[in-house]
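I opened this notebook to keep track of what I looked up, one topic per entry. The entries below follow the order in which I worked.

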Amino acid sequence: MTLSVRTEAAPGGPPSTVTSVAQRVLVPLAIANLVANIGIVLTGGVVRLTGSGLGCPTWPRCTDDSYVPHGSLGIHGAIEFGNRLLTFVLAAVALATFLAAWRAGRRRAARVAFVIGLGIPAQAVIGGITVLTDLNPWLVAFHLLLSLAMIGLCVLLLDWLRHPRTSRRHADPVRRTALATFGVGWVVLYLGTVVTGSGPHAGDADSPRTGLDPALFSHIHAWAVYALVGLSVVLLVLARRSGDAFLVRAAVALIAVELSQGVVGYVQYFTGLPIVLVALHLVGAALTSAALAWVLVRSRRVPTPA
């Protein structure tokens, strides 16, 4: 007895079995891509907050003579090496997403998935350079910002897959307000990395700091947050007037994340930056990037009802 699997559809006929499977798994894979990229932001934060940034003191090896940590490196080596291993999980998810999008005939989605995939080895190299420079705070910040940008691309991919059809563009005030919100939001994210780079939790006791005044930049960061919240509220009002329920939900989600981040930020500032709250604030930064991307994507087009 022989077994055969349909892989090609007849012209004008139903889609092949492989194509049908790709279409079914594509959205779950895109969600997994988003979750995985948010997750590695958290695990990277755990590396820094536990002082494990140089748990593997070199790169690409963990030590000069081994790719894996040995007992003398202790828990810090295990934490740092564990974070490195997660890169392969991200790569596997990104590759599966790209292949599914390509097989499903979603060429634009496949291109975005391909760019996300390219970001993973780029992040590995930047992470390696960060280790080789003893956790230079500016490189650590760039490492995080690139992850946040990849999260935004994951949101773009997911939105394209879930709402592929459009009928019209939003009015200029909506699109311009959304773009301003997105821009100010990224200023907030950048200033957050500046504050982090000037404060404690360097990732290693001997790692350098920026030398900037953390109190001063905390206040600058806070004022940028006020501007972001104000713009987000204006966007919500415009979204409600436009009648786009998708954009309304995106704006509400963004404001919810901003308010939650504000509460966590103030509490951590006045309680001496406890590790748990700093980690929670870092996850909030990842969610902020996701919400900013969602708002921007939703503001560019109005979905056609199915």
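Predicted model: local features only at pLDDT ≥ 70, side-chain atom pairs only at ≥ 80, totals over all residues.

**Entry 1, helix 2 with helix 3.** I began with helix 2 (residues 74-103) and helix 3 (residues 107-132), whose axes lie 8 Å apart and which pack at an angle of about 165°. I noted that an angle over 145 degrees counts as roughly antiparallel, and helix 2 and helix 3 are therefore roughly antiparallel to each other. The crossing of helix 2 past helix 3 is left-handed. I then listed the residues that meet: helix 2 brings Glu80, Arg84, Thr87, Leu90, Ala91, Ala94, Thr97, Phe98, Ala101 and Trp102, while helix 3 brings Arg107, Ala109, Ala110, Ala113, Phe114, Gly117, Ile120, Ala124 and Val131. Sorted by class, the residues of this contact between helix 2 and helix 3 are 13 nonpolar, three polar and three charged.

Next I turned to helix 4 and helix 5 (residues 172-198), where the axes cross at roughly 150° and come within 9 Å. That angle makes helix 4 roughly antiparallel to helix 5. Here I recorded a right-handed crossing of helix 4 past helix 5. On the helix 4 side I found Pro137, Trp138, Ala141, Leu144, Leu145, Leu148 and Ala149, and these meet Trp186, Leu189, Tyr190, Thr193, Val194 and Gly197 in helix 5. The contact of helix 4 with helix 5 divides into eleven nonpolar, two polar and no charged residues.

I looked up helix 6 (residues 214-242) and helix 7 in the same way, and their axes come within 9 Å and cross at roughly 160°. From helix 6 the contact includes His219, Tyr226, Leu236 and Arg240, and from helix 7 it includes Leu247, Ile255, Glu258, Tyr266 and Tyr269. By class, I wrote down 16 nonpolar, three polar and two charged residues for the contact of helix 6 with helix 7.

Which two residues does a cis peptide bond join? I found that the bond is between tryptophan 59 and proline 60, with omega at about 10°, and that proline 60 sits in the loop between helix 1 and helix 2. Aspartate 134, although not a glycine, has a positive phi of about 55°, and I located aspartate 134 in the loop between helix 3 and helix 4.

Last, I looked at the second largest pocket, for which the volume comes to about 310 Å³. Its lining consists of 15 residues, and those that lie nearest its centre are Leu34, Val155, Leu158, Arg162 and Trp294. The lining of the second largest pocket has eleven nonpolar, one polar and three charged residues.

Notes
Residues numbered from 1 in each chain as written. Heavy atoms only, no water. 1 Å grid on protein atoms, 1.4 Å probe; cavity = no way out; pocket = protein on both sides within 12 Å on 5 of 7 lines; lining within 4 Å. Points joined across faces, edges and corners; volume = space filled by probe spheres on them. Nonpolar A, V, L, I, M, F, W, Y, C, P; charged D, E, K, R; others polar. Axes fitted to C-alpha atoms, helices over the stretch in contact; angles between N-to-C directions. Helix = DSSP H or I, 4+ residues; strand = E, 2+ residues; numbered from the N terminus. Parallel < 35°, antiparallel > 145°, perpendicular 65-115°, else oblique. Left-handed = near helix turned anticlockwise from the far one by under 90°. Contact = heavy atoms within 4.5 Å.
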